[in-house]
Each structure stands twice: as C-alpha cells, then as structure tokens.
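Please examine the ligand surroundings and the strand architecture of the following protein.

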Amino acid sequence: MKAAICSLLGVLSLGIMATPASAQTVVSIEREAEIGTIEPEVYSQFLEHLGGQVYGGLWVGEDSDIANTHGVRDDVFAALQALQVPAIRWPGGCYADLYHWRDGVGERTPRENMAWGGTEEPNTFGTHEFFNLAERLGAKTYLNVNLGSGTVEEAADWLEYITGTGETALAQERRANGRSEPWTIDYLSIGNETWGCGGRMRPDYYADLYTHWASFMFADEQKPVMIVAGPHDGNIEFADEVLDHPMIGDVSSGISLHFYTLPTSDWSAKGAAIGFPESEWASALERTLRMDGLIEQTLGVIDAHDHLGEDYGLYVDEWGMWVDETEGKSSLWQQNTMRDAVVAALNLNIFHKHADRVPMTNIAQMVNVLQAMILTEGEDMVLTPTYHVYEMFTPFHGATSLPVELDGPDYRYGDIAFPALSASAARMADGSLAVALVNADPNSDHAVTLERAGARSVSGRVLTGDAMDAHNTVAQPGRVAPQPAEIRVDGDRLTASLPARSVSVWIIK
Ligand code: AHR
C-alpha cells in the first residue's frame with residue numbers, strides 16, 4: 001500500500017462537490033501479456049416478455065402516437081443503436097418455458113403470462129418482430145426454446161420456420177407471413193433455469209432431455225452455439241451433474257450461469273432501489289464481486305469434465321441488480337442509480353478478466369425491467385446510469401483484454417472490505433488502450449496513477465453522481481451523465497483523481 005497523499009490533482013471538472021481524497025492506487029497494465037479477445041457479445045442484452053418491457057417499453061405497434069418504425073419505438077431503438085448491441089436473448093427467462101411460438105406469427109393469439117403475474121400477452125411482438133429488430137440493430141440472436149411446457153416437435157418446427165431455406169411447408173409459411181429470406185439463430189438454449197421455473201428438474205433428467213432435444217434442433221445451413229441451462233447463485237452441483245452426462249459435450253458448446261446482485265442477499269427483502277443506507281451500498285458491491293469467484297468455480301467444474309471440448313464456454317446470460325419492486329409500477333421495474341452503474345462496471349471488469357473463457361453475457365434486462373438500460377414513461381424515455389456505462393465501454397467490444405494489477409487501499413464498511421478501485425484494460429484494433437476505472441468508495445475521491453502508460457495523448461470520460469442513489473428521471477434526465485475527465489500526463493505516468501462512486505473510461509494513444 002502506498003503512502004496516503006492529499007488530492008494529487010484536485011477534483012475533476014464535474015461541477016459536483018469534491019469529497020475527501022483517500023490514499024493513492026497504482027495501476028499496472030501488462031502490455032505484453034494477453035488474456036484474450038473481449039467478444040462484443042459480452043455486452044449483450046436480455047429481452048424477456050415481462051412487466052413493461054416488450055409492450056410499451058420497446059413495442060408500441062404501428063398505430064401508436066409514439067414515433068415508431070414497424071411498431072418499435074424510434075427513441076428506444078436509437079438509444080440501443082448507440083450501444084452497438086451485439087446480441088439479444090429472447091423470449092425469456094422463465095417466460096421462455098411458457099412460450100408457444102405459433103401465438104406470435106400470422107394471426108396472433110393472446111395468452112396469459114403465467115410466469116409474470118398473469119398479464120395478457122397480445123403476442124403482437126413475435127418471431128418476425130424479434131428477428132427484424134435484431135437485424136435492424138445488427139445484433140446476433142439468442143433464442144431460448146420452450147423445454148418446460150413445449151415439445152421437441154414444436155421447437156424443431158420453430159427452428160425450421162425461422163431458418164428454412166427450401167420449399168418446406170414451414171419455410172413457405174414464413175414467406176407467406178412476409179419474410180422470404182431465412183434468419184440466423186446464432187445462439188440457442190434448450191430450457192431456462194431448469195432446476196427452478198423451467199420445470200424443477202433433477203440435473204440428470206435435464207441432461208437426458210437436453211441431449212435428446214438437441215439431436216433434433218436443426219437450423220438449416222447453420223449451427224447455433226448450443227448453450228445448456230446452468231447454475232444460479234452458486235448451486236454448482238447442478239452444473240456438475242448436468243455436465244457429467246457423457247454426450248452433453250457432443251451437442252453443446254457451453255453452459256450458462258445466472259447470478260443477481262441483491263443488496264441484502266435476501267430474496268424476501270432484497271433492499272430498496274433508492275434511499276438505501278450505506279450498508280446496502282457496501283453489501284450490494286460485496287455481493288456483486290462474488291461474480292469473479294462464481295466464474296472461476298464454474299470454469300473449474302467445466303475443466304473437471306474431460307469429455308468437454310477445450311473451448312467449452314461459460315455464458316453469463318443473466319446478471320445484474322435485483323431490488324424490491326416499486327409500488328405502482330410494472331413487474332420488476334426498478335429505479336437505476338449510480339450504484340447500478342458501479343455494479344455494471346465492476347462486473348464488466350470481471351468479464352474482461354475472464355475474456356478467454358466467457359464469450360457472452362446478458363445483463364438483465366434491456367427496458368423497464370431489473371437493471372435496465374432504458375426506462376420509459378408513456379412517450380418519454382430516460383437513459384439510466386447503467387446505459388451510460390454500456391455506452392462508455394463500447395471501445396472494449398472486440399478489444400484484446402490485458403492483465404491489470406492494482407495496489408491501493410480498501411473501502412471498508414463495518415465487516416465489509418474490498419479494494420476501493422477496480423480496473424481493466426484492453427488493446428483496441430488501432431493499438432490504442434482502453435482503460436476502465438471504477439471508484440466503488442461512496443465517500444472519497446481516490447488518486448490513481450497508471451504506470452508506464454506510454455501515452456502520446458489521452459482522453460477520458462467519467463460518470464458520477466451527487467449521491468449513492470443519484471438517478472435520472474423524465475424531469476431530470478441528465479443528472480447522471482458522462483463528463484470529460486481530467487487526466488494528467490506526467491512523464492510515462494498518467495494521474496487523476498477518481499471521484500467517489502464513479503466509473504471512468506480512458507483512451508490512451
Ligand atoms: O430476469 C428475471 C428472471 O430471473 C428470469 O426470467 C429468470 O430466468 C430468472 O430467475
């Protein structure tokens with residue numbers, strides 16, 4: 001630990017009150033060592049039919065007064081486009097195991113959404129609408145087929161409908177419904193959380209079903225990346241037993257991991273989205289940092305199964321902040337604050353560290369649900385602090401992750417202690433470095449020094465807020481927004497003061 005120094009650089013030019021500066025953290029990047037490519041899909045999204053997400057949030061229909069293109073809101077679409085969304089998982093989640101694809105093609109059949117409160121699903125957003133959205137966004141598609149209440153025939157038919165190239169009845173039906181060219185399914189999972197809402201299955205039963213169903217998941221002229229539903233919250237025995245199946249490696253390329261950040265770690269009282277005490281800032285971040293250990297634990301289980309290929313992947317296809325519901329709002333709607341931004345950035349730094357083994361992650365979820373990018377209110381739209389983190393981190397898409405070491409003080413609250421700063425770094429295609437820096441200390445600015453930066457020029461942006469629960473609203477949409485960062489080039493070093501509760505991205509040329 002280095003000696004404490006007073007504010008080395010003063011405050012960043014943010015127009016916010018400076019907080020007391022704490023000890024300095026030194027960051028070293030190993031430029032010669034490479035972890036691996038940060039696949040753009042690490043920044044993927046999750047779109048479940050849940051609460052106010054699909055209907056109202058994303059889809060308003062062509063007849064709406066809200067500006068839209070083929071039914072998709074123009075404002076939400078433009079915001080997503082700016083994030084360069086690499087892939088979208090759909091239609092669930094728990095909802096996937098209730099979804100019957102024929103309800104959402106041709107003449108639509110409304111049904112109750114029994115996974116999420118029995119609200120009526122009009123099914124006006126179905127297969128064509130999803131694939132057209134992904135195509136317009138340039139995003140890959142991740143389909144979760146209904147194992148829980150569907151049949152292998154139904155799932156196989158859906159795949160034929162989507163990807164069929166020949167003159168089969170299903171390919172012709174798709175053409176009759178307005179789409180001549182087949183679409184591509186890039187990723188496919190059979191079942192979701194099959195230990196729970198997906199059918200409460202024993203792992204060996206699920207493994208048998210998976211290998212059986214996967215044998216019939218023909219997507220014409222393409223082979224989606226096949227993903228197995230895996231553990232949640234550390235129930236690693238489930239993954240271990242599913243992967244024991246001797247043929248699972250023949251029909252799948254990876255397993256999923258779900259892990260949510262509940263501030264209290266108690267599913268019956270998760271904690272509030274806003275107005276929370278510092279104890280729940282600390283406990284939320286301590287819990288979110290468990291992601292690193294869970295990834296390592298799951299990779300350990302994968303590696304213990306010799307019959308799986310060397311590149312068998314880990315897909316963190318649900319993660320993010322989950323707090324108590326807000327009265328008067330749709331299911332799983334929650335306000336998104338500076339704490340969510342820090343949670344997002346800490347996890348993204350962890351994913352960069354595991355870039356060689358984690359090819360995709362899907363934050364939960366995209367619009368109006370859990371740790372959303374975007375919140376809508378009627379015709380208005382608000383970009384959340386988490387959105388800004390995703391936008392700031394776009395230079396990491398496809399960059400080469402580099403090992404990073406930090407030497408600095410901890411943030412402490414009661415018995416909780418973890419490093420105040422977190423960092424990751426990556427080399428972009430043009431040779432520039434992208435560096436992400438998180439100050440998880442809610443009270444103090446932290447001085448940071450980047451050694452051997454080799455910078456000819458540096459620029460950066462910083463996201464912070466005037467409170468732990470600072471957030472954006474329709475009335476105040478820009479309360480939390482990225483600002484230019486002040487970074488000093490000092491010989492071969494870069495120095496700066498990272499504001500309390502902040503996320504920064506620097507580009508070093
Ligand atoms: O993201 C909300 C829900 O969380 C998903 O539907 C389910 O897979 C998980 O339990």
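The questions and answers below treat the ligand site and then the barrel of this predicted model.

Q: Which polar side-chain atom lies 2.7 Å from an oxygen atom of the ligand?
A: The residues around the ligand include Asn-192, Glu-193 and Cys-94. Cys-94 places a polar backbone atom 2.8 Å from a ligand oxygen atom, while for Asn-192 a polar side-chain atom lies 3.0 Å from an oxygen atom of the ligand. The distance of 2.7 Å to a ligand oxygen atom belongs to a polar side-chain atom of Glu-193.

Q: How much of the accessible area that the ligand has on its own does the protein cover?
A: On its own, the ligand has 280 Å² of accessible area.

Q: How many residues in the shell around the ligand are nonpolar?
A: The shell around the ligand includes Phe-46, Trp-116, Tyr-260 and Leu-370. By class, three of the shell residues are polar and three are charged, and the number of nonpolar residues is six.

Q: In what order do the eight strands close into a barrel?
A: The pairing in the barrel is parallel. For example, strand 10 (residues 187–190) and strand 11 (residues 225–228) run parallel and are joined by three bridges. The order in which the barrel closes is 3-6-9-10-11-12-13-14.

Q: Which residue in strand 11 is the bridge partner of Tyr-187?
A: Strand 10 covers residues 187–190, and three bridges join it to strand 11, residues 225–228. The partner of Tyr-187 in strand 11 is Val-225.

Technical notes. Residues numbered from 1 in each chain as written. Predicted model: local features only at pLDDT ≥ 70, side-chain atom pairs only at ≥ 80, totals over all residues. Heavy atoms only, no water. Near = heavy atom within 4 Å. Polar contact = N/O pair within 3.5 Å; in protein donor to acceptor, adjacent residues only side chain to side chain. Areas by Shrake-Rupley, 256 points an atom, 1.4 Å probe, with all protein chains shown as cover. Nonpolar A, V, L, I, M, F, W, Y, C, P; charged D, E, K, R; others polar. Pairing = 2+ DSSP bridges. Helix = DSSP H or I, 4+ residues; strand = E, 2+ residues; numbered from the N terminus.
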